[in-house]
Amino acid sequence: MDCRTVIYVVLLVSLRVAKALPRISQDTEEKTSIGQRFSQLQENNFKAIALILFAQYVPGGTFGRAAAMAEGVTALARRCAEAASDSPDCLKPLDKIFLDTICQEENLSRSADCCAKKDPERNDCFLSLKNSSQGFSSPLERPDAEAACRNHSQHGQPLTAYFIYEVSRRHPFLYAPTILSVALRYEEMMENCCGSAEGPSHHVEECFRRQAPKVVKPVREDALRQEHTCGILKKYGERTLKALKLAQISQKFPKADFDTVHKLVVAVAEMHEHCCRGATLDCMRDREEILRYVCTSQHVLSSRVQQCCAKPLLQRSECILNAENDDKPAGLSPHVREFIEDKGICERFAQEKDMHLARFLYEYSRRHPEFSAQMLLRIGKGYEDLLRECCRPGAPSGCRSRGEEELRKHISETENVMRTSCDIYKEKGDYYFQNELLVSFTKKMPQLTSAELIKFTKEMTTIGSKCCQLGQDKLLPCAEEHLDLVLGEICRRHVADPVNPGVCRCCSSSYAFRRPCIGKLEMDESYVPLALTPGLFAFHGDLCTLEEEKLQHRKQEMLITLLKYKPQISPEQLGSVTAAFTAMRERCCREANPETCFLKEGPELIKRSEKMLSA
């Protein structure tokens with residue numbers, strides 16, 4: 001059975017499989033034995049999932065050790081399936097079998113302390129190893145074309161297994177079916193690119209260059225989304241994550257009643273808790289149960305998921321995530337005035353607290369698919385603050401009536417920020433829009449490296465190209481929800497290596513208000529500017545020969561250095577320095593020996609600029 005068949009069989013059976021996966025901590029759950037699991041999956045499928053689990057659970061291990069453990073567990077599963085054995089080994093829960101297998105290995109990196117513990121402490125210990133191993137591996141890179149094709153022709157399926165191992169160990173929290181999906185794309189790339197390996201090598205290289213992003217990009221995107229969600233859960237807690245999911249699910253399924261949506265929210269939050277802990281088996285089971293519920297409840301959720309539910313399971317989750325929001329119920333009022341005007345609101349809030357706030361967020365979200373989930377959370381927080389102030393003893397009688405005006409003001413401010421950003425993007429284009437962002441973010445966060453600033457602002461520029469072409473009804477969800485991913489990266493960078501007090505405040509105080517908070521940051525007053533040293537600004541002849549993309553990157557690095565040297569530079573001063581640099585470059589690049597020209601003109605430019613900036 002080849003890799004493609006392996007993966008498709010996994011897709012077909014994993015619904016039943018995931019539902020049956022047992023957990024050590026819940027002995028009351030119905031358990032599926034390893035023999036039954038083997039029969040459901042068939043041998044190659046079982047072995048592929050085992051390889052993923054061992055690669056993820058044993059940080060710093062080797063492919064040979066992980067493959068050998070996968071073989072051993074598969075052999076046990078085969079024996080149990082063939083003999084329908086009642087032996088103790090065949091009746092153990094699956095996760096216990098996997099951990100026992102790890103602990104039987106000698107000299108396995110960092111496992112001894114965990115293996116000395118009893119379950120469930122042993123399982124928790126291995127999960128902590130997964131947490132500490134994040135980021136220890138270099139990212140996946142495009143393989144050398146000729147060597148990869150040679151290995152593919154000689155080894156075939158073992159090479160795909162090695163790819164699965166490499167992805168799994170680099171991403172110890174990545175969902176196992178996602179890894180299998182990526183492996184399928186990898187196998188397709190190898191077949192497409194290496195099928196004509198007899199041809200010129202540059203054709204093979206070009207094929208890899210064109211198709212490798214289809215393999216690597218989904219891994220990075222899925223890993224980023226998962227890390228982002230886990231970051232929200234860790235930093236802001238379960239209540240914030242549930243509120244976010246409530247807004248998103250209410251927008252996706254506006255015809256579903258509150259109880260149905262609330263049930264999904266609780267299930268999704270529990271799934272993320274398991275996934276973010278690294279509990280792979282629980283994560284898989286939870287995710288498939290949610291998909292099964294959605295696909296068997298289309299009549300109460302949405303007809304828009306019908307096509308998604310007809311797809312293989314692995315494609316189903318992504319399809320539902322990207323499906324258009326269902327149409328709002330006919331006759332649904334755009335307002336929720338009853339949450340402000342009803343006389344019994346304060347009593348209801350006092351009795352129900354979070355459940356009352358959840359009902360408000362549900363009702364408002366299902367009415368407004370044109371708002372981002374983050375904006376809906378800000379509206380929900382504004383409503384909560386309004387009730388806390390207006391329901392206290394002695395509050396003025398008309399206190400709650402100001403809520404609608406404050407809501408209109410916040411909506412208008414948010415729409416204006418996004419509209420203004422898009423106007424600038426459309427006027428300036430990618431490169432100059434990114435430069436505008438570089439000026440802003442270098443002043444806000446001068447402690448970030450040039451590479452980090454260029455990376456983050458490049459991602460924000462990509463958001464502009466993706467979202468600014470959309471209509472007003474799609475702009476906010478697209479822009480703010482993608483921007484939220486980038487801000488999450490910045491905040492995780494801050495946790496790893498603190499940036500400055502302003503970033504700390506914005507990343508720590510409120511998830512919903514993180515974007516407006518960072519947007520309002522100004523120049524970091526605590527930053528000590530760079531000193532003017534002889535090598536701070538260096539101009540060389542390669543400024544005349546670099547390809548345009550590399551030249552733009554070099555100029556952006558110089559722009560960042562200038563801003564770190566003179567954080568208080570005004571737009572007019574920056575324009576003058578930029579114009580002077582452009583004139584010098586054009587003049588020197590016309591010379592027969594540009595390097596000599598730059599050596600002479602460069603120091604003069606620095607002197608003139610320093611004089612102007614000091615004026």
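A residue is called buried under 20% relative accessible area, exposed over 50%, and partly exposed in between, with a 1.4 Å probe and protein chains only. The model is predicted, so that local features need pLDDT of at least 70 and side-chain atom pairs count only at pLDDT 80 or more, while totals for chains, interfaces and linings use all residues. Residues are numbered from 1 along each chain as its sequence is written, and side-chain values use heavy atoms, with hydrogens and water left out.

**Exercise 1.** Characterise the disulfide that joins Cys-103 to Cys-115.

*Solution.* A disulfide is a pair of cysteine sulfur atoms within 2.5 Å, and here the S to S distance is 2.0 Å. The torsion about the S-S bond of Cys-103 and Cys-115 is about -90 degrees, so this disulfide is left-handed. As for accessibility, Cys-103 is partly exposed at 24%, and Cys-115 is likewise partly exposed at 26%.

**Exercise 2.** Determine whether Cys-193 and Cys-207, which form a disulfide, are buried or exposed.

*Solution.* The sulfur atoms of Cys-193 and Cys-207 are 2.0 Å apart, and the torsion about their S-S bond is about -80 degrees, which makes the disulfide left-handed. Cys-193 has a relative accessibility of 1% and is therefore buried, and Cys-207, at 8%, is buried as well.
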